[in-house]
Amino acid sequence: MCGRFTLAFGGDRLLHGYVATGQDRAVQWEAVYSIAPRTKAPVVREFVDDDGEVQRSLELARWGLYPAWAKDKGPRPINARLETIATNGMFRGPFSSGRAIVPMTGYYEWVEADDGGKDPFFIHHPDGELLHAAGLTSARKAEDGDGWDVTFTIVTREARDASGEVHDRMPVFLTEDAVADWLVPGKLEPEQKDPLLAQLDQVSTTMAAELVTVPVDRQVNNVRTLDRTDPSLIAPLDAD
């Protein structure tokens, strides 16, 4: 699974990288090294404007999918399994018409330690490159009636290569070429779903081979006490 991730790129760089327009709050995004469930993070979506043109938007969304039909006390899943996003009732609709990219520069996983604690690991591209995680979104009217509240979940798959060393699941990361196919706006036709799922499986397998896993300090374990803007959270521990 993916329970915490990082995004060390600022809003301006994200706008440029995705060739997108952005909400003010998304544009003002600054590097964060610990993004936890129920907090907001940038997502990229595509839509068709009033002139019939496809546009990309960078906006903030809350992590934990909350469809408009869901009950107030119902689950708000942070991950969705690639194997079932086309059939699971929670994810069928968002997969068909709410696909998004969740930009990140890495994510954390934990391993049980001999002393009973948990050792954190940071999985990322060795060159610090931006990673494009497949996401699903849903929107509901804001409680104040002004605009929409967007929520998201991250699509995961069976872990491969370095990611599999610390956990059995990992985010589905897309190549730059596959981002456009994933973001195409509009509702998927039934015959489009299987080819898109097959593409996700293929490109995410390719991307998994490019990642590395490094141990980091346990300071990242406590969400309440850490400084989300502190880059030392992802600093590798000394090998000795």
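## Strand 7 and its partner

Strand 7 and strand 10 run antiparallel and are joined by six bridges. Within this pairing, Pro103 stands opposite His132 of strand 10. The model described here is a predicted one.

Strand 7 covers residues 99-104, and six of its six residues are buried, so the strand is largely enclosed by the rest of the structure. Arg99, Ile101 and Pro103 point one way from strand 7, while Ala100, Val102 and Met104 point the other way. Both sets of residues are buried. In a regular strand, side chains alternate between the two faces of the sheet.

Five strands form an open sheet with antiparallel pairing, in the order 3-1-8-9-14. Its edge strands are strand 3, residues 32-35, and strand 14, residues 212-215. Each of these edge strands pairs on one side only. On average, neighbouring strands of the sheet are turned by 30° against each other, with direction ignored.

His124 has Val212 in strand 14 as its bridge partner.

## The largest pocket

The largest pocket has a volume of about 500 Å³. Its lining consists of 22 residues. Those nearest the centre of the pocket are Lys40, Ala142, Trp148, Asp149 and Val150. Several elements give two or more residues to the lining: helix 2 (24-27), strand 4 (40-48), strand 5 (54-63), strand 10 (131-141) and strand 11 (148-158).

Sorted by class, the lining holds 14 charged residues, six nonpolar residues and two polar residues. Strand 10, which contributes to this lining, is also the strand that six bridges join to strand 7.

## Leu60 in strand 5

Leu60 is found in strand 5, one of the elements that give two or more residues to the lining of the largest pocket. Is Leu60 buried or exposed? Leu60 has a relative accessible area of 15%, which is under the 20% cut-off, so this residue counts as buried.

Neighbours within four places in sequence left aside, Leu60 is in contact with Gln23, Arg25, Ala26, Trp29, Lys40, Ala41 and Pro42. Among these contacts is Lys40, one of the residues nearest the centre of the largest pocket. Lys73 lies 13 residues from Leu60 along the chain, and the C-alpha atoms of the two are separated by 23 Å.

Notes. Residues are numbered from 1 along each chain as its sequence is written. This is a predicted model: local features need pLDDT of at least 70, side-chain atom pairs count only at pLDDT 80 or more; totals for chains, interfaces and linings use all residues. Side-chain values use heavy atoms; hydrogens and water are left out. Two strands pair if DSSP finds at least two bridges between them. Helices (H or I, at least four residues) and strands (E, at least two) are DSSP runs, numbered from the N terminus. Axes are lines fitted to C-alpha atoms, for helices over the stretch in contact, and angles run from 0 to 180 degrees between N-to-C directions. On a 1 Å grid over the protein atoms alone, a cavity is a set of points where a 1.4 Å probe fits but cannot get out, and a pocket is an open set with protein on both sides within 12 Å along at least five of seven lines; lining residues have an atom within 4 Å of a point. Grid points are joined across faces, edges and corners, and a volume is the space filled by probe spheres set on the points. Ala, Val, Leu, Ile, Met, Phe, Trp, Tyr, Cys and Pro count as nonpolar, Asp, Glu, Lys and Arg as charged, and the others, Gly among them, as polar. Buried means under 20% relative accessible area, exposed over 50%, partly exposed in between (1.4 Å probe, protein chains only). Contact means heavy atoms within 4.5 Å.
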